[in-house]
Amino acid sequence: MIKFYFILLLTVAMTGCASQQKFVGEIEDPEQEVTRLIEHELANIQSGEYCRPDPQSPFNGCDGALQRLTQLFTKFPDYERLQLALAVSYQARNKNRDAQYYLDLLLAKDRPRPEAAILAARLAMEEGNTRRALILLKAQKRLSPMHPGIHETLAAVFYLNHEPQKGFLALAAAEQLGAPAWRIAYHRGLLYELSKNESAACEQYAKSYTQKDAFRLPEGRILGLTQNPVCLELAKFLGGA
C-alpha cells in the first residue's frame, strides 16, 4: 500500500530572539528559551538530517536541545508550549512513547489543542491504529473546526483506510481553510491514485510540483506511473523522462 506522505509541520509561533543560556533555576519565564530551542529543533527536522542520539556521548550537540527542554520541564511542567516542543523533539528521534507522554498531557482535558492532536494522530497512524487517529482528530474537529491541519490529517486517515471519497471531502475543507495548495494537490494525487485514476493523479502531482519545485515527491510519483500516457507526457514536460 502506498504510504500517505505526511507533510504537516507543527505550527508553533516563534517570537523573540536567542539569549545567553541561564541555569534553569534562574529562569522566571521560559518563553524566550523555549522559542530558541524550538527554532533549533525545527531547523534540524526540516533539514532532513536530524542527529540521532549517541549512546557514548549523551550530552553532545545532537541531544543538547532536548536535554535543555527536559531540564526546563522540571521547573515548568504546566507550560504547554514546552510540552509540545518535547513531543516534537522525541518524535523526531523516533522515541514515540516519550512523545506520547507529553501529548497525553496536552490532550488530557477537553480543550482545543489541534497541533497536539495532529502529532498524536500521526503516531497512531505509524502504529497502524487509524481508529485511534480518527477518534483524536474528530474530537479536535469539534473543538477546532477551522484548523486546516485537522482536516488535512483526517484525509490521511481516510487514505490509509481506503476511503478516498471521504479523503477528498476532508481535503476540500482543508483547502477552503487555507492549507497550502501544493500540499493539497499532492494529497489529492495520492487519493486519485488510490482510486485507480492515474491520469487525474498525475495532473495533481504536476500541479503540486509546479507550485513548489523544491518538493520532489510529486515528480517521483509521476515517473512511477509513466505506463499511463498522460503521466508519460507530464514526465516529459517536467524533464524526468
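This is a predicted model: local features need pLDDT of at least 70, side-chain atom pairs count only at pLDDT 80 or more; totals for chains, interfaces and linings use all residues.

Residues are numbered from 1 along each chain as its sequence is written, and side-chain values use heavy atoms, without hydrogens and water.

I took helices as DSSP runs of H or I, at least four residues, numbered from the N terminus. The axes of α10 and α12 lie 8 Å apart, at an angle of about 20°. Axes are lines fitted to C-alpha atoms over the stretch in contact, and angles run from 0 to 180 degrees between N-to-C directions. The two helices, α10 and α12, are therefore roughly parallel (under 35 degrees).

Next I listed contacts (heavy atoms within 4.5 Å). From α10, Glu198, Ser199, Cys202, Glu203, Ala206, Tyr209 and Thr210 meet Val230, Cys231, Leu234 and Leu238 of α12. By class I get seven nonpolar, two polar and two charged residues; here Ala, Val, Leu, Ile, Met, Phe, Trp, Tyr, Cys and Pro count as nonpolar, Asp, Glu, Lys and Arg as charged, and the others, Gly among them, as polar.

Then I searched the whole structure for disulfides (cysteine sulfur atoms within 2.5 Å) and found one. Cys202 and Cys231 form the disulfide, with sulfur atoms 2.0 Å apart. Cys202 sits in α10 (residues 198–211) and Cys231 in α12 (residues 229–238), 29 residues apart. The S-S torsion of Cys202 and Cys231 is about 100°, so the disulfide is right-handed.

Key:
Angles under 35 degrees count as roughly parallel, over 145 as roughly antiparallel, 65 to 115 as roughly perpendicular and the rest as oblique.
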